[in-house]
Amino acid sequence: MAVVYIGLGSNLADPRAQVEQGIGELAALDGARLLACSALYASAPVGPPGQPDYVNAVVALESRRSPADLLAALQGIELRHGRRRDGARWGPRTLDLDILLYGRLETVVPGLVLPHPQIRHRAFVLVPLADIAPLDLPVPGQGVLGELLRACPMQGVARLADAPATLGVRPASPLSCC
């Protein structure tokens with residue numbers, strides 16, 4: 001079993017509903033158990049100009065799935081939400097699910113780099129991650145969550161709403177370090 005942190009984001013087709021439904025689907029994922037869910041955040045888009053703002057969140061799962069199997073399951077959820085992978089980077093999307101951290105695993109395999117290589121540069125990931133993870137959480141190869149959070153510019157990220165109450169997890173309660 002590993003504690004896995006997954007980032008969620010959407011800026012199309014009712015983004016808040018997309019993220020909330022995605023969280024619900026992660027909670028129901030076979031071979032995993034939802035441990036915690038961050039608040040929902042609004043954030044400015046990264047990438048091509050003219051996109052709507054995003055809604056972002058981070059969840060913690062306890063998972064028996066391998067990283068590759070979990071990635072395939074996440075991509076299946078994205079596909080059910082209308083996500084199309086057309087090669088365009090950082091464009092608008094109905095639902096984006098990224099494995100941020102998989103325990104303390106560091107790996108590079110086709111289609112997956114762990115930990116996610118851009119964590120330290122993305123306030124829309126660091127802020128919700130800090131809702132549910134301890135500030136001393138190591139991000140292998142990048143530093144410690146609290147230090148990364150302090151070093152990252154926070155403009156463009158605003159708390160939108162508490163975690164969806166229907167999931168039965170206590171929001172914004174940092175997990176003990178893995």
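Reply: Let's take helix 2. Its buried residues (under 20% relative accessible area, with exposed over 50% and partly exposed in between, for a 1.4 Å probe and protein chains only) are Pro 67, Leu 70, Leu 71, Ala 73, Leu 74, Ile 77 and Glu 78. They cover an arc of only 160° around the axis, so they sit on the same side of helix 2. That arc is taken from the directions from the helix axis to the C-beta atoms.

A word on the source. This is a predicted model, where local features need pLDDT of at least 70, side-chain atom pairs count only at pLDDT 80 or more, and totals for chains, interfaces and linings use all residues. Residues are numbered from 1 along each chain as its sequence is written, and side-chain values use heavy atoms, leaving out hydrogens and water.

Helices (H or I, at least four residues) and strands (E, at least two) are DSSP runs, numbered from the N terminus. The cover over the buried residues of helix 2 includes strand 1 (2-10), helix 1 (15-27), strand 5 (96-102) and strand 7 (112-114). Contact here means heavy atoms within 4.5 Å.

The face turned away from the buried side carries the exposed residues Ala 68, Leu 79 and Arg 80. Arg 80 forms a salt bridge (a side-chain nitrogen of Lys or Arg within 4 Å of a carboxyl oxygen of Asp or Glu) with Glu 25, at 3.4 Å between the closest N and O atoms. Arg 80 lies in helix 2 and Glu 25 in helix 1, so the pair ties together parts 55 residues apart in sequence.

Glu 78 has 0% relative accessibility, so it counts as buried. Its side chain meets that of Arg 83 in a salt bridge (3.3 Å, N to O).
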